[in-house]
Amino acid sequence: MSILVDKNTRLVVQGITGREGSFHTQQMVAFGTNVVAGVTPGKGGQWFETDSQKIPIFDSVKYAVEATGANASVIFVPARFAVDAIYESADAGIPLVVCLTEYIPVLDMIAARRYLDSKNTRLLGPNCPGLITPGQAKVGIIPGSIVKPGRVGVVSKSGTLTYEVVYALTERGIGQSTCVGIGGDPIQGTDFIDVLRMFEDDPETEQVIMIGEIGGNAEEKAAAFIAQHMSKRVTAFIAGRTAPPGRRMGHAGAIVEGKSGTAESKIKALNDAGVRVADNPDNIVDLVVSGS
Amino acid sequence: MNLHEYQAKRLFAEHGVPIPQGDVASTPAEAREIARELGGRVVVKAQVLTGGRGKAGGVKLANSADEAEAQAKQILGMDIKGFKVRRVLIDKQAPGIDQEIYLAVLIDRGRRLPMIMASASGGMDIEEVADKTPEKIITAHIEPVLGVRGYQTTYIASQIDLPRDLWRDFHKIVVGLYECFKSNDASLTEINPLVITGEGKLMAVDGKMTIDDNALSRQSRLAEMRDVAEEPEAEREARLTGINFIKLDGNIGCMVNGAGLAMTTMDIIKLFGGDPANFLDIGGGAKADQVATGLRLILSDPNVEAVLINIFGGITRGDEVAKGILQALNEVETAVPMVIRLAGTNAKEGRAILADASMETAETLSEAARKAVAAAAGAAKASQE
């Protein structure tokens with residue numbers, strides 16, 4: 001088993017004919033993901049060709065769901081249209097929507113999240129690399145070459161930092177159950193606690209790596225959740241110990257505001273919850289293999 | 001993006017929030033003229049994008065146009081926490097101040113909603129109030145579909161002991177501040193202090209506003225308000241190139257793809273005893289030109305004694321990064337030692353391109369950081385000898 005995506009995932013790609021959408025659809029198909037449809041308004045009826053298959057393109061997600069039974073979507077459309085794409089998938093009844101798009105205005109996400117909470121749709125992202133279940137399915141842009149099937153769950157706010165950690169795991173022969181990028185925006189569809197809960201309930205996941213960063217207090221809340229509800233071992237890393245206050249460090253959400261959102265506060269909360277926090281990503285794997 | 005006080009207050013006023021009469025001046029003569037029109041009793045306030053202006057001597061009272069001119073002369077050109085004062089706001093003095101209130105609308109990330117925050121302890125550093133006397137901070141969340149409701153402002157007004165005859169006006173101000181927040185895609189609109197004047201009226205004497213950078217593309221009027229003179233030149237060039245660059249005080253320049261990895265690279269440099277000179281995220285799928293600009297910006301900092309390039313390719317390709325590095329090295333002559341660590345997509349091709357460049361390579365982030373710290377220490381020693 002795994003969480004969120006697996007062999008049964010039937011994926012529709014929103015923005016399949018765009019530059020990023022088409023490149024990464026090829027990559028997802030090459031990894032073995034079951035991509036059943038693409039959506040580009042105005043191009044319904046055309047086909048998207050990969051090396052191995054022809055994927056039908058529809059004018060809307062609703063049509064794609066009706067024709068193909070798609071049960072997950074991934075959004076590769078520009079920021080101006082991305083919120084619409086989220087609403088469209090939720091309205092079409094898609095249970096899992098993964099939004100990679102960066103630069104969606106925060107107030108738009110507040111409204112979108114409000115709407116999604118009234119639907120049976122889980123959003124991952126925005127501004128995230130997506131997720132990958134090694135050997136089964138990849139939705140998004142995490143490089144398929146660096147993963148290996150196994151029993152460590154990974155959840156992270158960062159893209160490339162996740163690659164770094166996952167690659168190090170794979171190099172040491174430690175496989176992953178699912179790697180989930182929740183994104184670095186202030187308002188997210190899925191947070192640390194959501195994913196930690198899923199890993200706790202997933203029999204195939206033995207332990208978890210959580211990668212956080214400065215800004216907000218999601219890591220502190222996750223620490224409280226871990227202390228109360230998790231039996232599985234969690235190892236963490238927090239990026240941004242040296243980040244200056246008041247500056248947005250690349251990610252919209254990565255900002256220390258006054259005394260809130262500092263790395264120190266997050267590390268302390270995690271340590272207090274019994275979570276081991278690595279001071280260097282190269283050491284995370286050591287902590288994972290060292291047992292309790 | 002942060003706005004100046006005068007910009008924030010003008011936006012507040014567009015939504016019915018009362019502000020003092022006033023205008024901005026960039027010369028003492030202009031300050032004098034504005035003060036004269038306002039009747040002489042004014043306050044002269046430095047317009048810089050940082051806090052603590054008062055303590056730094058950037059806010060002064062004047063009782064005549066002559067005094068205003070003299071104060072402006074003193075304040076203009078001052079350096080406040082590294083920001084040069086280029087403009088002063090000349091505001092008419094409030095007719096006596098009976099009480100100072102704090103009022104803001106901001107985003108509560110945890111609850112994923114806008115939130116009103118108020119305190120009877122206005123005019124002070126609100127962080128300090130929150131720290132020492134959290135019970136003095138009153139909050140209420142705003143449901144976007146409902147907006148600010150009357151019962152909420154009544155509750156806040158009573159909690160901060162606002163005289164009852166001002167509750168109605170207070171409600172209008174909170175509604176206006178939220179409308180201003182919403183229509184301008186702000187992440188913060190703050191009045192500190194909101195005063196009760198000697199005439200018994202509420203007035204926003206100071207204002208602060210932060211705009212959500214993600215929304216600037218649809219807020220063109222606000223985008224034009226950006227004070228480019230206050231933005232370090234390297235950061236402006238980076239912004240226009242589409243890369244994220246923040247200058248710091250250390251001596252090891254770093255170039256990384258991805259925000260989390262870029263922060264981590266800085267952290268690891270520090271962990272191994274070095275000091276990062278900057279944060280630089282070239283973003284996902286960076287092209288050679290962007291990489292070249294990034295490296296050029298790093299090398300333009302005279303403090304930089306070593307450079308660490310850490311790329312874990314996903315969408316970003318190692319060969320593209322390598323081309324950008326060579327491009328920059330062709331444009332800028334430099335003796336600064338460089339350490340590069342390439343992994344992920346097309347890392348092998350990238351390494352081949354850089355084989356002839358004199359750069360130290362590393363397999364892991366730790367190794368790269370160790371080497372960069374050693375190189376910077378060596379460079380510092382050499383320059384002393």
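## Strand β8 of chain A and its partners

In β9(A), Val139(A) is the bridge partner of Leu131(A), and this pair belongs to an antiparallel arrangement in which β8(A) and strand β9 (residues 137-140) of chain A are held over 4 bridges. The model described here is a predicted one. The hairpin of β8(A) and β9(A) has 3 residues between the strands, and within this hairpin Gly135(A) adopts a positive phi near 80 degrees.

Strand β8(A) also pairs with strand β11 (residues 176-181) of chain A, to which it runs antiparallel and is joined by 3 bridges; in that pairing Gly130(A) stands opposite Gly181(A) of β11(A). In a regular strand the side chains alternate between the two faces of the sheet. Along β8(A), Gly130(A) and Ile132(A) point one way while Leu131(A) and Thr133(A) point the other way, and all of these residues are buried.

## The seven-stranded sheet of chain A

Chain A also contains an open sheet of 7 strands with mixed pairing, whose order is β3-β4-β2-β1-β5-β6-β7. Its edge strands are β3 (47-49) and β7 of chain A, each of which pairs on one side only, and from one strand to the next the twist averages 25 degrees. Strands of a sheet pair through backbone hydrogen bonds, either parallel or antiparallel. Within this order, strand β2 (residues 35-39) of chain A and strand β4 (residues 54-58) of chain A pair in the parallel sense over 2 bridges, with Val39(A) standing opposite Phe58(A) in β4(A).

Helix α2 (residues 61-68) of chain A packs on the sheet, where it touches β1 (11-14), β2, β4 and β5 of chain A, and the direction of this helix makes about 155 degrees with that of β2(A). Helix α3 (residues 79-91) of chain A, for its part, lies across β1, β5, β6 (96-99) and β7 of chain A, and runs at about 170 degrees to β6(A).

## Two domains in chain A

The domain assignment divides chain A into domain 1 (11-124) and domain 2 (130-289), and the C-alpha centres of domain 1 of chain A and domain 2 of chain A are 25 Å apart. Where the two meet, 20 residues of domain 1 of chain A are in contact with 14 residues of domain 2 of chain A. On the side of domain 1 of chain A that touches domain 2 of chain A, at least two residues are supplied by each of α1 (19-31), β5 (72-75), α4 (106-116) and β7 (122-124) of chain A. The largest share of that side, 5 residues, comes from α4(A), and the residues of the side divide into 13 nonpolar, 5 polar and 2 charged.

## Cis peptide bonds and positive phi angles

Most residues other than glycine have a negative phi, and most peptide bonds are trans. A cis peptide bond joins Gly125(A) and Pro126(A), with omega at about 10 degrees, and Pro126(A) has its place in the loop between β7 and β8 (130-133) of chain A. In chain B, the peptide bond from Asn192(B) to Pro193(B) is likewise cis, with omega near 10 degrees; Pro193(B) is found in strand β11 (residues 186-197) of chain B.

Leu4(A), a residue other than glycine, has a positive phi near 65 degrees and lies in the segment before β1 of chain A. Is Leu4(A) buried or exposed? Leu4(A) counts as buried because 23 other C-beta atoms lie within 10 Å. Asp161(B), which is not a glycine either, has a positive phi of about 60 degrees and is found in the loop between α5 (150-159) and α6 (167-183) of chain B. Asp161(B) counts as exposed because 9 other C-beta atoms lie within 10 Å.

## Nonpolar cores

The largest nonpolar core comprises 155 residues, and the members that touch the most other members are Ile75(A), Ile86(A), Val98(A), Leu280(B), Leu308(B) and Ala372(B). Which residues are in contact with Ala372(B), leaving aside its neighbours within four places in sequence? These contacts of Ala372(B) are with Ile252(B), Ile269(B), Gly274(B), Ala306(B), Leu308(B) and Val339(B).

Methods:
Residues are numbered from 1 along each chain as its sequence is written. Chains are lettered from A and ligands numbered from 1 in the order in which they are written. This is a predicted model: local features need pLDDT of at least 70, side-chain atom pairs count only at pLDDT 80 or more; totals for chains, interfaces and linings use all residues. Domain bounds come from an automatic or database domain assignment. Two residues are in contact if their C-beta atoms, placed from the backbone, lie within 7 Å. Ala, Val, Leu, Ile, Met, Phe, Trp, Tyr, Cys and Pro count as nonpolar, Asp, Glu, Lys and Arg as charged, and the others, Gly among them, as polar. Two strands pair if DSSP finds at least two bridges between them. Axes are lines fitted to C-alpha atoms, for helices over the stretch in contact, and angles run from 0 to 180 degrees between N-to-C directions. A residue is buried if 20 or more other C-beta atoms lie within 10 Å of its own, exposed if 12 or fewer, and partly exposed in between; C-beta atoms are placed from the backbone. A nonpolar core is a set of buried Ala, Val, Leu, Ile, Met, Phe, Trp, Tyr and Cys residues joined through C-beta atoms within 7 Å.
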